[in-house]
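This report walks through a few parts of one structure, taking each in turn. Please keep the sequence and the model in view while reading.

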Amino acid sequence: MRILSQNRKKEIIESIKSLSSRIDPITNLPITEDSVLNNRQILLILSEAASLLQETLYAKYKPSLVLPKVIESISIESDTRVTISELTLTINNALEQFNCNKIQPRLITSWLEANSLLKTISNSEGYRYKVPTDQGVKLGIQPIKRIGKSNSEYHVNYYNFNACIYIVEHLETILCCSY
């Protein structure tokens, strides 16, 4: 099955709406009287199909419609210790099952920062990165220092089971807000 862009999906919905209104979506002219598209049952099917597609397309704007099912489908093991990228991948796999748009790790970390669980600091070279606050450490976010290829230090935050569950439980708030 071909993956369609959001714009293409919108075009398809508009075309189906036009057809259900007896308008040719290509020429914008009325459909001829003898066309099969003037059959009332076909017009009803087209109208319902447009509504169904539109609901699916805009599901990300109505998380309350699918989010409980998404959250229920996310499985976190009790011995979990993952990076935010790995957790986001798990969340995105669940979102994808319900035809919802994927999210970026930055959305979650921005929300965590806005809720005083992460803070941004700079190293001696001016590189900015996020580390857990005391509250974040208590939740289960653990910073680990690493040494890169150029011998520069960087940090990776690992999220344990409690931190992952906290994020998943607050997924609706995270998805509805922009930071």
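**Terms and source**

Contact means heavy atoms within 4.5 Å. This is a predicted model, in which local features need pLDDT of at least 70 and side-chain atom pairs count only at pLDDT 80 or more, while totals for chains, interfaces and linings use all residues. Residues are numbered from 1 along each chain as its sequence is written, and side-chain values use heavy atoms, with hydrogens and water left out.

**Around Lys-119**

Lys-119 belongs to strand β2, residues 118-122, where strands (E, at least two residues) and helices (H or I, at least four) are DSSP runs numbered from the N terminus. Once its neighbours within four places in sequence are set aside, Lys-119 is in contact with Glu-113, Tyr-129, Lys-130, Val-131, Pro-132 and Thr-133. Of these, Thr-133 is 14 residues apart from Lys-119 in sequence, and the two are 6.3 Å apart in space, C-alpha to C-alpha.

With a relative accessible area of 41%, Lys-119 is partly exposed, a term for values between buried (under 20%) and exposed (over 50%), found with a 1.4 Å probe on protein chains only.

Strand β4 is joined by 7 bridges to β5 (residues 153-160), and the two run antiparallel; Ile-141 stands opposite Tyr-159 in β5.

Note on methods:
Pairing = 2+ DSSP bridges.
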